[in-house]
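Dear colleague,

I am handing over the structure we spoke of, placed just below. After it I set out what was found, going from one part to the next.

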Amino acid sequence: MRPALSPAVFFDTHVLVYIASADPQRSTRAGALLREGGIVSVQVLNELVSVLRKKFRFDWESVETVLAVVHSHCEVVPLDLQMHQEALLLARLHQLSWYDALIVAAAQRAGASTLYTEDMQHGRAFDSLRLVNPFEAA
């Protein structure tokens, strides 16, 4: 496992989905960011598998190949009861969707300063965690 960057970056699922997409600009950008290293949660890996299987119709071998690339560049943080409770608080206080709250909680727990996300509000901050859409400026 490759160590994460300092300050650490956390990847939301949709950013990683683009490494397997047919969109050349976003695929190139996502691949470049991934090669720099970062952090993901088990939730992100689970969602990535789901998208690759359902949307892209990848076979299991192809899914495993994509996961191996992610694993080689990212630290993986587990989900636990405390993170679940932190996400509940975030969802309630900030009107986040449940799965977005879990992503933010995982990124905060991992000590990330940047959350690369296409789905949440670019520039928004949660304490020291800043949300960045890596495709907005690319």
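Threonine 13 counts as buried, because its relative accessibility is 2%. Please keep in mind throughout that this is a predicted model. Threonine 13 has its place in helix H1, and its side chain makes a polar contact of 2.4 Å with the side chain of glutamate 47. If neighbours within four places in sequence are left aside, the residues in contact with threonine 13 are Val44, Glu47 and Leu48.

Histidine 14 is also found in helix H1, but with a relative accessibility of 34% histidine 14 counts as partly exposed. Leaving aside neighbours within four places in sequence, histidine 14 is in contact with Glu118 and Asp119. Histidine 14 and glutamate 118 are 104 residues apart in sequence, while their C-alpha atoms are 6.6 Å apart in space.

**Aromatic pairs**

A search of the whole structure finds 3 aromatic pairs, and two of them are described here. Phenylalanine 11 and tyrosine 116 form a tilted pair, with 5.7 Å from centre to centre and 50° between the planes. Phenylalanine 11 belongs to strand S1 (residues 9-11) and tyrosine 116 to strand S4 (residues 114-116), so this pair ties together parts that are 105 residues apart in sequence. Both phenylalanine 11 and tyrosine 116 are buried.

Tyrosine 18 and phenylalanine 135 form an edge-to-face pair, with 5.0 Å from centre to centre and 70° between the planes. Since tyrosine 18 lies in the loop between helix H1 (13-17) and helix H2 (24-35), and phenylalanine 135 in the segment after strand S6 (129-132), the pair ties together parts that are 117 residues apart in sequence. Tyrosine 18, at 18% relative accessibility, counts as buried, and phenylalanine 135 counts as buried at 8%.

**The nonpolar core**

The largest nonpolar core has 48 residues, of which Phe10 and Phe11 touch the most other members. Helix H6 gives the most to this core, with 7 residues. Leaving aside neighbours within four places in sequence, phenylalanine 10 is in contact with a list of residues that includes Ile39, Val40, Val44, Val77, Ile103, Ala106, Leu115 and Tyr116. As a general point, nonpolar side chains tend to be buried together in soluble globular proteins.

**Helix H4**

At the start of H4, a side-chain oxygen of aspartate 59 reaches to within 3.2 Å of the backbone nitrogen of glutamate 61.

Which residues of H4 are buried? They are Val63, Val66, Leu67, Val70 and His73. Seen down the axis of H4, these buried residues fall within an arc of 130°, so they line one face of the helix. The face of H4 turned away from this buried side carries the exposed residues Glu61 and Glu64. The cover over the buried residues of H4 includes H1, H2, strand S2 (38-41), helix H3 (42-54) and strand S3 (74-77).

**Helix H5**

For helix H5 (residues 81-94), the 14 residues should span 20 Å at 1.5 Å a residue, and the end C-alpha atoms are 20 Å apart, which agrees. Aspartate 80 caps the N-terminal end of H5, where a side-chain oxygen of this aspartate lies 3.3 Å from the backbone nitrogen of glutamine 82.

The buried residues of H5 are Met83, Ala87, Leu90 and Ala91. Seen down the axis of H5, they fall within an arc of 100°, so they line one face of the helix. These buried residues pack against helix H6 (98-109) and strand S5 (125-126), whereas Leu81 and Arg92 are exposed on the other side of H5. Just after H5, glutamine 95 takes a positive phi of about 50°.

With best wishes

Methods
Residues numbered from 1 in each chain as written. Predicted model: local features only at pLDDT ≥ 70, side-chain atom pairs only at ≥ 80, totals over all residues. Heavy atoms only, no water. Helix = DSSP H or I, 4+ residues; strand = E, 2+ residues; numbered from the N terminus. Expected span 1.5 Å × (residues − 1). Buried < 20%, exposed > 50% of the residue type's maximum accessible area, 1.4 Å probe, protein only. Arc of directions from axis to C-beta. Contact = heavy atoms within 4.5 Å. Polar contact = N/O pair within 3.5 Å; in protein donor to acceptor, adjacent residues only side chain to side chain. Phe/Tyr/Trp six-rings, centres within 6.5 Å; stacked < 30°, edge-to-face > 60°. Core = buried A, V, L, I, M, F, W, Y, C linked by side-chain atoms within 4.5 Å.
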